[in-house]
Amino acid sequence: MGESAKAVETSTRILDAAELLFVEHGFDATSMRLITQAAGVNIAAVNYYFGSKDGLFKAVFERRAEPFARLFLGHLDQLERQYANPSAKQVVEAFVAAAIELGQEASLGGLIFVRLLARTFVEPHPVLKESMPRRYSELTRRYISALVKSLPHLSEAEVHWRFHFLANAMFNAFAGTNVLRLFMAHPIVNARDPQMVARMLVPFVVAGLDAQAAMPELVDQNS
């Protein structure tokens, strides 16, 4: 194996190990020792390729950013080529279809990255405050813009609020965590079946998007 190929293999092994550990333990509880043991490298190698644990955490997201954005924008592009004015339901279905594909495609991070995204929503890290908006702002802007057009009874501010709830609900749902297990001994919900999650989630989210304005005075201000 050549020197450059070995470097790629080593850095990828570190990224894969760190990604899984960040999902299981969170950033703070994942030590450099855990990462090096899982990746089969020493701390010097992690520092050489990524500079620090913060740098490694950022790199885990950076390597997924472009394929992630391309996937979600691709589904929206396809929808907007088919329909001049897609409905809110169609926009949500495009988002969900991309989320399912993300969860099933190992090269995009698969379910592990979906779970990491869900965990990051709850435990945001300062190192991502700059890189995440830069990487995902176009994707977010495009989906919100499509929803604004499909929901004329809402102000743009309220659509932003509802997209906030939509994104949180979707990524947590597709992460496969069954919240009901905390409250019921034998829940009937199978949160690890992405097709069932999609079937149940879409009408729930669309109903929330289509609901009457919570702040109708904002709509009046925009008109």
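This is a predicted model: local features need pLDDT of at least 70, side-chain atom pairs count only at pLDDT 80 or more; totals for chains, interfaces and linings use all residues.
Visitor: How many helices and how many strands does the secondary structure of the protein come to?
Guide: Reading from the N terminus, the elements run α-α-α-α-α-α-α-α-α-α. The C-alpha atoms fill a box of roughly 60 × 45 × 30 Å along the principal axes. The secondary structure comes to ten helices and zero strands.

Visitor: Which helices hold Arg-64 and Glu-19?
Guide: Good pair to pick! Arg-64 and Glu-19 form a salt bridge, with their closest N and O atoms 2.9 Å apart, and both residues are buried. They sit 45 residues apart, so to speak in distant parts of the chain: Arg-64 is in helix α4 and Glu-19 in helix α1.

Visitor: Is Arg-142 buried or partly exposed?
Guide: Arg-142 meets Glu-80 in a salt bridge at 3.0 Å, N to O. This pair links helix α7, which holds Arg-142, to helix α4, which holds Glu-80. Glu-80 is partly exposed at 32% relative accessible area. Because its own relative accessible area is 17%, Arg-142 is buried.

Visitor: Which elements give two or more residues to the lining of the largest cavity?
Guide: A search of the whole structure finds one cavity of 30 Å³ or more, and its volume is about 30 Å³. Its lining includes Lys-58, Phe-61, Ser-131 and Tyr-136, and the lining residues divide into four nonpolar, one polar and three charged. The elements giving two or more residues are α4 (53–82) and α7 (128–150).

Visitor: Which residue forms a salt bridge with Arg-134?
Guide: Arg-134 is partly exposed, with a relative accessible area of 48%. Its closest N and O contact with the partner is 3.8 Å. The pair joins helix α7 to helix α4 across 72 residues of chain, and the partner, also among the residues lining the largest cavity, is Glu-62.

Visitor: What is the accessible area of the nonpolar surface patch that contains Leu-180?
Guide: Leu-180 lies in the loop between α8 (156–174) and α9 (194–210). At 34% relative accessibility, Leu-180 counts as partly exposed. Its patch also includes Val-179, Phe-183 and Ile-188, and the patch residues together have an accessible area of about 770 Å².

Technical notes:
Residues are numbered from 1 along each chain as its sequence is written. Side-chain values use heavy atoms; hydrogens and water are left out. Patches are made of residues with over 30% relative accessible area and no salt bridge: like charges are joined within 9 Å, nonpolar side chains (Val, Leu, Ile, Met, Phe, Trp, Tyr) within 5 Å. Accessible areas come from the Shrake-Rupley method with a 1.4 Å probe; for residues, only the protein chains shown count as cover. A salt bridge is a side-chain nitrogen of Lys or Arg within 4 Å of a carboxyl oxygen of Asp or Glu. Helices (H or I, at least four residues) and strands (E, at least two) are DSSP runs, numbered from the N terminus. Buried means under 20% relative accessible area, exposed over 50%, partly exposed in between (1.4 Å probe, protein chains only). On a 1 Å grid over the protein atoms alone, a cavity is a set of points where a 1.4 Å probe fits but cannot get out, and a pocket is an open set with protein on both sides within 12 Å along at least five of seven lines; lining residues have an atom within 4 Å of a point. Grid points are joined across faces, edges and corners, and a volume is the space filled by probe spheres set on the points. Ala, Val, Leu, Ile, Met, Phe, Trp, Tyr, Cys and Pro count as nonpolar, Asp, Glu, Lys and Arg as charged, and the others, Gly among them, as polar.
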